[in-house]
Amino acid sequence: MKAQLRALIEQGLTALRTAGTLPADLPSPDFAVERPKERAHGDFSTNAAMLLAKAAKSNPRALAQQLVDALPASDAVAKIELAGPGFINFHLAPGAWQQQVRDIHAGGPVFGRNASGGGKTVGVEYVSANPTGPLHVGHGRAGVIGDCIARVMAANGWDVKREFYYNDAGVQINNLAISTQARAKGLKPGDADWPADAYNGDYIGDVAASYLRGDSIEIEGHVVSGKDDADDLDAIRKFAVAYLRREQNSDLAAFGVSFDRYFLESSLYADGKVEETVRELIAHGHTYEEGGALWLRTTDFGDDKDRVMRKSDGTYTYFVPDVAYHLSKWQRGYQRAVTELGADHHGSLARVKAGLQALDCGIPAGYPDYVLHQMVTVMRGGEEVKLSKRAGSYLTLRDLIDEAGRDATRWFLVARKPDSQLTFDIDLARSQSNDNPVYYVQYAHARICSLLRQAGEKGYAHDAARGDAALHRLDDAPAQELMRELSRYPEVVEAAGATLEPHLVAQYLRELANAFHGWYHASPVLVEDADLRDARLALALATRQVLANGLDLLGVGAPESM
């Protein structure tokens, strides 16, 4: 609907240019077409006249009236009013809402999608956990947010590449190796010789036992095997990383999260990409040496202070491989990059962006886009759930999925804005009540499926053509409200993709389900009047389609029965 109104307004502006009311070469401004907060102000409103009044040397309200007079006639618009200093408010005709139902039927699974991304390539990186233990609930939030960002960007016409960055180098990997070695030698947490920085979870014992048995693990086409040798620390390290990568991949698969590429931090060193990036930064004159260290002049690019790249001992600080990694994304054709991280990474973002700009290789300012998520607090029975015996110090994602189910876990972890702290109530997620949002939305979909089964049991064969032709019979307020909600879906998809906020889809689906349940209780569907029955079935089917489309963007199932 917004696109149709925008086209009408553009035609009106063209008429004003032709008439000389507006300069002939004046481009159209980026005017808004939006839904007013109050229904009394119409279905849509535009500020186009207010933005053009100065160029037209006119009073905004007077120009608004001239624009209204220049608009071509449209069956979709019932009434146009002026408001305030020059807003133009549109009241749509009932037929416009009814046409939305037909459009949904015609679009089916692709209804709501658009081509605004133009097929350009975007790399979406998410989770990117160190392969040092089972995934925790924070990784789960990262996984579902990143996965849903990828889904909504694809729905907006982007060619999406999903990527997982494995931090498989550094101190934490070494701690994993010595922890596994200690277990392989028969030690356990609390023993006098247990390493101070070791990981204490039961899973370390599982890794050590598998290594000593000589188990083989296949990961991305490579096979890593254990052996009965607790002294070979390098073999233990490779086996432990492969073992935990396989476990993490299994947990993510159970969560409905997948990737197109797994990128290893170690490959940046093995392939010389870190050294190459540092040489380029030096060559472009944005570095200097001081105190035996190599510094990047990040203040040239808005950072609050310069940052050390290479310490006096010759090792690199952690943001340097991040610069090399994001440079690789650009070189691999990612015209846009989105990186989803925990909020604790906030401090490194400015220096990574500064490093990319200092390379002066055409990477756009602001590359990559960062989406940061806050921590998750899990509650059960009114008390916080903190520990998992297997992980040792945190609740695992698998624990949460096993308790709450995949659909509820995905919904609850994505349904709020990423930068807001989240309380996950396991009792609510498991409940079959209207207070449980995922149950409420899924039940709306299942209820429509049940309605169709009941129609068949009563011998009512749904005539889709008759239903579409009789949509004018849906003139009651609940039906009108439901159709208005259905018409919002393409706008929500566009907004979620533009702002990288998939929680907008979850919010919308709950509002749509509320409108449906309200209409369902007010309007019996399986009535004797065939025209009215088929019209109501047409509306129900359109609602089912939009519910299914939206749930798919969240990776949540659309059950046919509950």
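Which helix lies across E3 and E4, and at about what angle to E3 does it run? Helix H3 (residues 60-70) lies across these two strands, running at about 165 degrees to E3. Axes here are lines fitted to C-alpha atoms, for helices over the stretch in contact, and angles run from 0 to 180 degrees between N-to-C directions.

## Basis of the report

This is a predicted model, in which local features need pLDDT of at least 70 and side-chain atom pairs count only at pLDDT 80 or more, while totals for chains, interfaces and linings use all residues. Residues are numbered from 1 along each chain as its sequence is written, and side-chain values use heavy atoms, with hydrogens and water left out. Helices (H or I, at least four residues) and strands (E, at least two) are DSSP runs, numbered from the N terminus.

## The sheet

Strands of a sheet pair through backbone hydrogen bonds, either parallel or antiparallel. Here four strands form an open sheet in the order E1-E2-E4-E3, with antiparallel pairing; two strands pair if DSSP finds at least two bridges between them. Strand E1 (33-34) and strand E3 (77-83) stand at the edges with a single partner strand each, so one side of each is left without a neighbour in the sheet.

Strand E2 (residues 44-46) and strand E4 (residues 87-92) pair in the antiparallel sense over three bridges. Thr46 stands opposite Ile88 in E4.

## Helix H5

Helix H5 (residues 137-155) has 19 residues and, at 1.5 Å a residue, should span 27 Å; its end C-alpha atoms are 27 Å apart, which agrees. The expected span is 1.5 Å times one less than the number of residues. H5 is mostly covered, as 17 of its 19 residues are buried. Buried means under 20% relative accessible area, exposed over 50%, and partly exposed in between (1.4 Å probe, protein chains only). After H5 comes Gly157, whose phi is positive, near 85 degrees.

## Salt bridges between helices

Side chains of opposite charge can pair when their charged atoms come close. The structure holds 30 salt bridges, each defined as a side-chain nitrogen of Lys or Arg within 4 Å of a carboxyl oxygen of Asp or Glu. One of them joins the side chains of Asp251 and Arg398 (2.8 Å, N to O). Asp251 lies in helix H8 (residues 233-254) and Arg398 in helix H13 (residues 397-404), so the pair ties together parts that are 147 residues apart in sequence. Asp251 counts as buried at 5% relative accessibility, and Arg398 as partly exposed at 27%.

Asp534 forms a salt bridge with Arg466, with the closest N and O atoms 2.6 Å apart. This pair links distant parts of the chain, 68 residues apart: Asp534 is in helix H20 (residues 530-553) and Arg466 in helix H17 (residues 464-469). Asp534 is buried, with a relative accessible area of 0%, whereas Arg466 is partly exposed at 29%. Elsewhere, Asp147, Arg151, Arg162, Arg410 and Asp552 are linked in a network of salt bridges.

## Helix H18

Within helix H18 (residues 477-499), Glu485 and Arg488 lie three residues apart, about one turn of the helix. They form a salt bridge, the closest N and O atoms being 2.8 Å apart. Glu485 is buried at 11%, and Arg488 is partly exposed at 21%.

Glu491 is also found in H18 and is buried, with a relative accessible area of 18%. Leaving aside neighbours within four places in sequence, Glu491 is in contact (heavy atoms within 4.5 Å) with Lys2, Arg35 and Phe44.
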